[in-house]
Amino acid sequence: MLCIIQDSLGYMWFCTEDGLNRYDGYDVTGYRHDPADPHSLSHNRVFGMCEDHLGYFWMATEGGGLNRFDRRRRSFQVFRNDASDPKSLSHDRVYALVEADPGGGVFRSDDGGASWTRTSDNWTLRARAWYYIEIYADPIDRETVYVLTAPMMRSVDGGRTFANIRVPH
């Protein structure tokens, strides 16, 4: 199990090495990559997921880019960097914050999740797990990443070092 979330409708979602599974309290529905279906999950290893305010699900996959799932259509759309398309993602860099101890920290992939490097093992970045811990990449500057923890922190060197950001109370 790589991640578990409960969505706004109460369904449980499980990100695994072998796809994405939804549990409705009675049955499990599995979503897998199908090479013959361009609207299927782009890769079976799903290591992160969240639901946005419109009810779309966003999944990070290993080497398959960013996937958006539309629950009404039951289909996936894949977002990746395409140098020939100025409307595509600006790059394939992905960040993950792993809470494990030992071995946790900030990890970065520059190839859409196919390979990972730990860029920081700073304990402060993951000390407030569950309700405070989130990581966001700046959509314009690929070297800037924010960790929303206590305190809020920012890196301007691709996740290697972090500094506190003072915020008003």
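Predicted model: local features only at pLDDT ≥ 70, side-chain atom pairs only at ≥ 80, totals over all residues.
## Basis

Residues are numbered from 1 along each chain as its sequence is written, and side-chain values use heavy atoms, leaving out hydrogens and water. Local features need pLDDT of at least 70 and side-chain atom pairs count only at pLDDT 80 or more, while totals for chains, interfaces and linings use all residues.

## The largest pocket

The largest pocket has a volume of about 1,800 Å³. A pocket here is an open set of points on a 1 Å grid over the protein atoms alone, where a 1.4 Å probe fits, with protein on both sides within 12 Å along at least five of seven lines. The volume is the space filled by probe spheres set on the points, which are joined across faces, edges and corners.

The lining has 38 residues; lining residues have an atom within 4 Å of a point. Gly48, Met49, Cys50, Tyr95 and Ile135 lie nearest the centre. By class, 26 lining residues are nonpolar, six polar and six charged. Asp, Glu, Lys and Arg count as charged; Ala, Val, Leu, Ile, Met, Phe, Trp, Tyr, Cys and Pro as nonpolar; the others, Gly among them, as polar.

Strands S1 (3-6), S5 (46-51), S6 (57-61), S9 (94-98) and S12 (134-137) each supply at least two lining residues. S9 gives the most, with five. Strands are DSSP runs (E, at least two residues), numbered from the N terminus.

## Nonpolar cores

The largest nonpolar core has 13 residues. Such a core joins buried Ala, Val, Leu, Ile, Met, Phe, Trp, Tyr and Cys residues through side-chain atoms within 4.5 Å. Buried means under 20% relative accessible area (1.4 Å probe, protein chains only). Trp13, Leu20, Met49, Phe57, Met59, Phe69 and Phe76 have the most contacts inside this core. S1, S2 (12-16), S5 and S6 each supply at least two of its residues. A second, separate core of nine residues includes Tyr95, Ile133, Val147 and Met153.

Phe76 touches residues including Leu20, Met59 and Phe69, not counting those up to four places away in sequence. Contact means heavy atoms within 4.5 Å.

Ser155 lies in strand S14 (residues 153-155). Ser155 counts as buried because its relative accessibility is 0%. Its side chain makes a polar contact with the side chain of Asp157 at 2.7 Å. The Ser155 side chain also reaches the backbone oxygen of Thr161 at 2.9 Å. A polar contact is a pair of N or O atoms within 3.5 Å; within protein, one must be able to donate a hydrogen and the other to accept it, and residues adjacent in sequence count only if both atoms are side-chain atoms.

Arg74 lies in the loop between strands S7 (66-70) and S8 (75-79). Its phi is near 55°, a positive value in a residue other than glycine.

Technical notes:
Helix = DSSP H or I, 4+ residues; strand = E, 2+ residues; numbered from the N terminus. Buried < 20%, exposed > 50% of the residue type's maximum accessible area, 1.4 Å probe, protein only.
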